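Visitor: Could you take me on a close look at the nonpolar core of this model, and then show me what lies around it?

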Amino acid sequence: MDSSLLANADTVVARARTGDPEALASLYRAFEVPVYNLARRICRTTEDAEDVLQETFFEVCRSIGRYREEGSLWGWVRTIAASKALMRIRRNKYRDTDELHDEVVGKRTEDSHLRMDLEAALERLSETSRAVVWLHDVEGYTHEEIASMMGKTPSFSKSQLARAHSRLRTWLGEEGAA
Amino acid sequence: MSQTHLSMEALLSLREPGVEPGTATAREHLNQCPVCQAELDRLHQRVARLKALPPLRPGRDRWPETNARFRAERRRRTGRMAGLTGLAAAASLAAVISLGRMTQPAHATVEQLYQTMERSQALESALSQYNPEGRMLDGRTARMAQELEDRIARVDRELEATELLPQEAPEDQLLRLWRERVGLLDALVDVHVTRASNAGL
């Protein structure tokens, strides 16, 4: 388990399973920042990320009894968070077309020759591309796992990642040919 | 050496575990092409920089709302369970006691237990009309509500544990717990009634 994030994790989980409010609060405090960070890196707004944070821990509180300790506690919490974040961007996609946003942003920034910092460049990616980049490159999920969470194919995840890296490379002003 | 440089997808596939079709050819090209080697280096560096980005932190504490929502759901569940099985359990308890012991004080306790559980259900119903988890609460009210929700949750855990005891049902203990639950629910309803009247609802 994640001794670095949560001291006495076994005891805390055992108490959380009984619904102990202090233990549930300890789980929240231990994973609040990494969950929010993952959500904010994927979602477009802080409000969406905060909602994902709340949805994630609501689910953690409800389902901690089903956590089987087969993987790390953070791995379990992270999968819930990733799934909630992807659900959020899917919902947003019905409101405004993510692909259109991606195309417009892509054309605008490629033409402008702006050199951005990494945070700004990441922010400019579409939610879907950003989700794939973050889940694959930072959180270490495989294309198969991302595809399963997104309800897409591994090829979709691979092409999203390649497209995102090509854009990042341009926006960051990195030179070279590929 | 092929004159065409590797695509981003081909470069990315070189970072993946396992060997995909075309990987051997791509690797062969890479070994001889300084341009693609530099591109792969940049890719490695970009990913390292992504991993090194500082963590973003939430602007506000979402635990009180999350906890209140969870408690409310749990309480509703307990309330439903009490509605479905609690009164039935109390009824069978009454039957067991009247058949087995026929002692007046115990019977009186079960009657009181019935009444207290019914009162608990009535308060749950009153509380649901205020839909507390769906409304914004000011900080002080949210803290008071959360403290009460936490205390109700502790009582619920004690009730669950007591009802699971393998031996004879300790009706005095059950009554004490259900009375405590009713007192806390009463206070919680008061908190929401006061908040609603202050807000002119």
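Guide: Happy to! A nonpolar core here means a set of buried Ala, Val, Leu, Ile, Met, Phe, Trp, Tyr and Cys residues joined through C-beta atoms within 7 Å, and a residue is buried if 20 or more other C-beta atoms lie within 10 Å of its own. Please keep in mind that this is a predicted model.

The largest nonpolar core holds 58 residues, and the members that touch the most others are Ala39(A), Ala81(A) and Ala85(A). Helix H2 of chain A, residues 21-42, supplies the largest share of this core, with ten residues. If you zoom in on Ala39(A), you will find Ala81(A) and Ala85(A) among its contacts, together with Ala49(A), Val52(A) and Leu53(A), leaving aside residues up to four places away in sequence. Another core, of 19 residues, lies apart from this one, and its members include Leu148(B), Ile152(B), Leu174(B) and Trp178(B).

Now for the meeting of the two chains: 35 residues of chain B are in contact with 35 residues of chain A. On the chain B side, helix H3(B) gives the most, eleven residues. That side of chain B is made up of 17 nonpolar, five polar and 13 charged residues.

One last stop is helix H8 of chain A, residues 143-150, whose buried residues are His143(A), Ile146(A) and Met150(A). Viewed down the axis of H8(A), these buried residues fall within an arc of 65 degrees, so they line one face of the helix. Just after H8(A) comes Gly151(A), with a positive phi of about 70 degrees.

Definitions and conventions
Residues are numbered from 1 along each chain as its sequence is written. Chains are lettered from A and ligands numbered from 1 in the order in which they are written. This is a predicted model: local features need pLDDT of at least 70, side-chain atom pairs count only at pLDDT 80 or more; totals for chains, interfaces and linings use all residues. A residue is buried if 20 or more other C-beta atoms lie within 10 Å of its own, exposed if 12 or fewer, and partly exposed in between; C-beta atoms are placed from the backbone. Helices (H or I, at least four residues) and strands (E, at least two) are DSSP runs, numbered from the N terminus. The arc is that of the directions from the helix axis to the C-beta atoms. Two residues are in contact if their C-beta atoms, placed from the backbone, lie within 7 Å. Ala, Val, Leu, Ile, Met, Phe, Trp, Tyr, Cys and Pro count as nonpolar, Asp, Glu, Lys and Arg as charged, and the others, Gly among them, as polar.
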